[in-house]
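Here's a quick briefing to read with the structure open next to you. Have a look at the fold first, then work through the points below.

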Amino acid sequence: MSDHTLDRQPPESARRWREDLECWAIPPEILAAAPESPWGCPPTLFSRAAEEALAECQRRPSPSLQRALEALAEGGSVLDVGAGGGAASLPLCPPATSVTAVDQSPGMLAAFAGLASQRGIKHHEVEGLWPDVAGEVDPADVVVCHHVLYNVGDLVPFVVALTSHARRRVVVEITADHPQALVNPLWERFHGIVRPTRPTAADAGAVLRDLGLDVAVEEFDAPPRWHEHDWDELVAFTRRRLCLPAERDPEVAAALELPGPRQLVTLWWSGRG
């Protein structure tokens with residue numbers, strides 16, 4: 001697969017992926033009445049995720065980390081697209097010695113840079129959206145991209161750019177189902193609307209295969225992202241996602257359950273950078 005893939009008609013699976021994601025748009029009247037933006041995640045959540053991944057990587061590396069490590073030699077390089085705090089890439093050092101992080105959030109990149117510096121890892125940050133900034137980024141031995149695909153409507157150029165920047169392997173991690181599907185019952189309870197359930201990781205895999213990629217897939221369970229001591233933060237985060245005012249926090253708390261283990265999927269394929 002090369003950039004000329006972009007000149008072809010996107011596969012039907014890519015069209016369905018885009019249309020399914022568009023169905024997740026918040027109804028305009030609800031969004032207009034929202035007292036706060038429902039988008040974004042607390043940078044502290046991603047920093048903690050990176051710290052937990054660093055603590056776990058030696059004892060019990062996830063399948064995503066294992067697949068990336070297999071393709072890394074001593075002194076290798078990593079490109080982390082949608083890096084957040086670096087949970088996907090910093091645990092790969094060593095054997096990798098350098099990481100380039102791409103993220104649209106300056107706060108996320110600052111958190112990543114802080115953790116990388118603490119561990120003596122050579123790092124470089126690029127602010128912006130992928131693949132818009134792909135031309136500013138050099139290829140790496142391994143490209144990792146965790147929990148980003150559900151934010152990407154136009155999957156073909158995104159994946160083409162990932163693949164062309166990987167000399168050895170691309171490793172993608174996403175939830176088995178859309179990450180907002182857990183909140184679907186609350187949308188019906190508070191707004192009386194039924195939310196979609198697709199696309200899924202299986203749909204992403206279909207797009208990748210239709211692009212001619214030899215994709216391997218591994219499903220696994222991961223620890224919860226939220227813990228009991230995060231309860232107040234989780235309630236506020238969920239309430240913002242629901243476009244509700246802060247005074248509705250008690251109602252959201254009464255209807256909310258602490259999420260359990262996450263069902264994740266690792267997708268990996270050979271790079272062509």
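Of the contacts in this protein between residues at least 6 apart in sequence, 76% join residues at least 24 apart. Keep in mind that this is a predicted model. It has 10 helices and 7 strands, and buried residues account for 51% of its 273 residues.

**Helix H1 against helix H8**

- Helix H1 covers residues 12–22, and helix H8 covers residues 201–210.
- Two packed helices are described by the angle between their axes and the distance between the axes.
- For H1 and H8, the angle is about 145° and the axes are 8 Å apart.
- The crossing of these two helices, H1 and H8, is left-handed.
- On the H1 side, the contact is made by Ser13, Ala14 and Trp17.
- H8 brings Asp203, Ala204, Ala206, Val207 and Asp210 to that contact.
- Sorted by class, the contact of H1 with H8 has 5 nonpolar, 1 polar and 2 charged residues.

**Trp17 and its ring partner**

- How many aromatic pairs does the structure hold? There is 1 aromatic pair.
- That pair is Trp17 with Tyr150: the ring centres are 5.7 Å apart and the planes are at 15°, so the pair counts as stacked.
- Trp17 sits in H1, while Tyr150 is in the loop between strand S4 (140–146) and helix H6 (155–164), so the pair ties together parts that are 133 residues apart in sequence.
- Both Trp17 and Tyr150 are buried.

**Arg18, also in H1**

- Arg18 lies in helix H1 too.
- Is Arg18 buried or partly exposed? Its relative accessible area is 32%, so Arg18 is partly exposed.
- Arg18 and Asp154 are 136 residues apart in sequence, yet their C-alpha atoms are 6.3 Å apart in space.

**Helix H6 and what covers it**

- H6 is mostly covered, with 9 of its 10 residues buried.
- The buried residues of H6 are Leu155, Val156, Pro157, Phe158, Val159, Val160, Ala161, Leu162 and Thr163.
- Which elements do the buried residues of H6 pack against? They pack against helices H1 and H8, plus strands S1 (77–81), S4, S5 (166–175) and S7 (262–270).

**Helix H4 and Arg67**

- Helix H4 takes in residues 63–70, and its buried residues are Pro63, Ser64, Leu65, Arg67 and Ala68.
- Strands S4, S5, S6 (216–222) and S7 are among what covers the buried residues of H4.
- Arg67, one of those buried residues of H4, lies over the face of Trp268, at 5.3 Å from the ring centre.

- Arg195 has its charged end over the ring of Trp187, 4.8 Å from the ring's centre.

**Ala111 in helix H5**

- You'll find Ala111 in helix H5, which runs over residues 106–118.
- Why does Ala111 count as buried? Its relative accessibility is 17%, and buried means under 20%.
- Ala111 and Gly86 are 25 residues apart in sequence, and from C-alpha to C-alpha they are 8.3 Å apart in space.

Methods: Residues are numbered from 1 along each chain as its sequence is written. This is a predicted model: local features need pLDDT of at least 70, side-chain atom pairs count only at pLDDT 80 or more; totals for chains, interfaces and linings use all residues. Side-chain values use heavy atoms; hydrogens and water are left out. Helices (H or I, at least four residues) and strands (E, at least two) are DSSP runs, numbered from the N terminus. Buried means under 20% relative accessible area, exposed over 50%, partly exposed in between (1.4 Å probe, protein chains only). Rings of Phe, Tyr and Trp (its six-membered ring) pair if their centres lie within 6.5 Å; planes under 30 degrees apart count as stacked, over 60 as edge-to-face and the rest as tilted. A charge sits over a ring if NZ of Lys or CZ of Arg is within 6 Å of the ring centre and within 35 degrees of the ring normal. Axes are lines fitted to C-alpha atoms, for helices over the stretch in contact, and angles run from 0 to 180 degrees between N-to-C directions. A crossing is left-handed if the near helix is turned anticlockwise from the far one by less than a right angle, and right-handed if clockwise. Contact means heavy atoms within 4.5 Å. Ala, Val, Leu, Ile, Met, Phe, Trp, Tyr, Cys and Pro count as nonpolar, Asp, Glu, Lys and Arg as charged, and the others, Gly among them, as polar.
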